[in-house]
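Here is a note on the model, written as numbered points. Please read each one with the structure open beside it.

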Amino acid sequence: EAQRLNCPGPEVIADITSGIRTMSTSMILSCLDKEYDIQMMGTHYNEEGRPKGLFPIIFSFEPKIDEK
């Protein structure tokens with residue numbers, strides 16, 4: 001979809017928050033060979049264990065070529 005809309009990689013983030021395992025895994029695999037970042041939302045908790053705020057966690061991947 002991003003390529004069809006001519007969106008450059010750095011402008012695209014795949015958010016895997018609350019996705020089922022199959023969906024999240026598919027999104028991660030599709031981002032590995034492109035310039036797309038992956039995001040999920042983390043939660044801060046207070047002393048009673050109740051959520052008190054969200055924060056983004058962003059993963060970026062850079063290909064590494066291993067020459068032997």
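The points below go from the whole chain to single residues.

1. This is a predicted model, in which local features need pLDDT of at least 70, side-chain atom pairs count only at pLDDT 80 or more, and totals for chains, interfaces and linings use all residues. Residues are numbered from 1 along each chain as its sequence is written, and side-chain values use heavy atoms, with hydrogens and water left out.

2. The chain has 1 helix and 3 strands, in the order β-α-β-β from the N terminus. Helices (H or I, at least four residues) and strands (E, at least two) are DSSP runs, numbered from the N terminus.

3. The chain is more spread out than a compact globule, because its radius of gyration is 15 Å, well over the 11 Å that the globule rule gives for 68 residues. The radius is taken over C-alpha atoms, and the rule is 2.2 Å times the number of residues to the power 0.38. Along its principal axes, the C-alpha trace spans about 50 × 35 × 25 Å.

4. Of the 68 residues, 16% count as buried. Buried means under 20% relative accessible area, exposed over 50%, and partly exposed in between (1.4 Å probe, protein chains only).

5. The largest nonpolar core has 7 residues: Ala2, Val12, Ala14, Ile16, Cys31, Tyr36 and Ile38. Such a core is a set of buried Ala, Val, Leu, Ile, Met, Phe, Trp, Tyr and Cys residues joined through side-chain atoms within 4.5 Å. Nonpolar side chains tend to be buried together in soluble globular proteins. Leaving out residues up to four places away in sequence, Ala2 touches Cys7, Val12 and Tyr36; contact means heavy atoms within 4.5 Å.

6. Is Gln39 buried or exposed? Gln39 counts as buried because its relative accessibility is 16%. Gln39 lies in strand 2 (residues 37-45). Beyond its neighbours within four places in sequence, its contacts include Ala14 and Ile16 as well as Pro56, Ile57 and Ile58.

7. Phe55 is in strand 3 and, at 27% relative accessibility, counts as partly exposed. Not counting residues up to four places away in sequence, Phe55 touches Met40, Met41, Gly42, Thr43 and His44. Its C-alpha atom is separated by 17 Å from that of Gly19, 36 residues apart along the chain.

8. Phe59 belongs to strand 3 (residues 51-59). Its relative accessibility is 35%, so Phe59 counts as partly exposed.
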